[in-house]
Amino acid sequence: DMYVHAATRANLDVLEARGCAVMPPEHGELASGLIGEGRLPEPEVIRDKIASVILRSARDRGDLAGRHVLVTAGPTREMIDPVRFVSNRSSGKMGYAIARAAVDRGARVTLVSGPTSLDPPAGVDAVHVVSAAEMHEAVAARSDADIVIMAAAVADYTPTEQSPQKIKKSGDSHGDEPRSLRLKRTVDILAKLGSTKRQGQILVGFALETENELEYGKRKLREKNLDLVVINNPARAGSAFGGDTNEVTLVDSSGDVHPMPLLSKAHVGGAILDNVARLLVGGKRQE
Ligand code: CTP
């Protein structure tokens with residue numbers, strides 16, 4: 001009776017007229033014992049409704065509205081044989097947080113992800129890859145994006161050959177003969193994008209450094225023709241692999257250095273996009 005009451009309906013109409021999103025209740029057994037309209041929807045249904053309202057308003061008003069953002073995330077996996085691989089400790093959390101933040105700011109987002117245990121954020125176009133070669137192919141096919149953020153920890157090396165069968169132990173069971181694995185370089189996806197970057201495109205790279213962070217990070221920015229480099233050091237407190245926080249320093253192509261405090265990865269994603277949006281609006285000083 002309460003939900004269908006004229007006073008309740010009139011108040012809901014006023015709220016809608018003021019631009020509020022009104023979520024209708026569900027039908028079913030009510031606290032009064034009656035059956036009808038007025039049940040609280042399940043939390044997941046409310047969450048999805050809120051997400052879709054936020055997405056819609058971000059698309060209408062976000063500072064990245066109309067831009068295509070390509071984000072890469074996670075590790076790559078380089079197969080040795082059908083059951084063994086070479087990889088790294090990247091969790092993908094940083095790249096996924098950037099993708100989520102870009103959706104929230106109204107961008108059309110493609111997330112190219114290596115193997116992770118994460119669910120892609122609502123609203124992204126997710127492309128799943130395994131190896132560095134597959135990630136290269138997926139990124140190259142979308143290299144016309146307005147903004148490319150390479151947060152993935154792409155393997156620098158891959159086995160020279162991949163055995164189609166599981167490799168057996170050699171020698172007798174007590175054999176302690178060392179075995180070696182031959183590796184070859186993978187394509188540096190970011191450097192390749194940098195060498196073919198079109199006017200106005202924004203390219204963001206990551207630099208994981210355990211020493212001389214600023215010097216090495218700036219060198220990557222220069223050598224790969226980036227607009228922004230995100231320098232991080234997993235040895236710092238709060239910046240360990242797989243964690244939910246990160247302490248980074250952002251350096252842009254005009255040489256401005258922005259050291260950030262220890263923040264949640266969601267906030268680091270926001271800070272990266274603040275700088276990207278600033279570069280988009282202000283143009284790049286070097287051009
Ligand atoms: N990257 C890439 N393709 C590769 C390797 C790395 O696009 N094959 C990108 C990463 O996504 C990241 C940046 O390049 O944005 C990292 O630069 P890189 O020089 O590879 O860093 P390191 O692997 O730390 O290199 P080094 O070992 O020389 O410090």
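Start with helix 3: nine of its twelve residues are buried, so the rest of the structure largely encloses it. Buried here means under 20% relative accessible area, with a 1.4 Å probe and protein chains only. Helices are DSSP runs of H or I with at least four residues, strands are E runs of at least two, and both are numbered from the N terminus. The buried residues of helix 3 are Met94, Gly95, Tyr96, Ala97, Ile98, Ala99, Ala101, Ala102 and Val103.

A word on provenance: this is a predicted model, where local features need pLDDT of at least 70, side-chain atom pairs count only at pLDDT 80 or more, and totals for chains, interfaces and linings use all residues. Residues are numbered from 1 along each chain as its sequence is written, and side-chain values use heavy atoms, leaving out hydrogens and water.

After helix 3 comes Gly106, with a positive phi near 95°.

Now the ligand. Which residues come nearest among the 15 around it? They are Met150, Ala152, Asp156, Val187 and Leu190; being near takes a heavy atom within 4 Å.

A polar backbone atom of Ala152 is 2.7 Å from a ligand oxygen. A ligand nitrogen is 3.0 Å from a polar backbone atom of Ile189. Lys220 has a polar side-chain atom 3.0 Å from a ligand oxygen.

Strand 11 gives the largest share of the shell, three residues.

Note on methods
Buried means under 20% relative accessible area, exposed over 50%, partly exposed in between (1.4 Å probe, protein chains only). A polar contact is a pair of N or O atoms within 3.5 Å; within protein, one must be able to donate a hydrogen and the other to accept it, and residues adjacent in sequence count only if both atoms are side-chain atoms.
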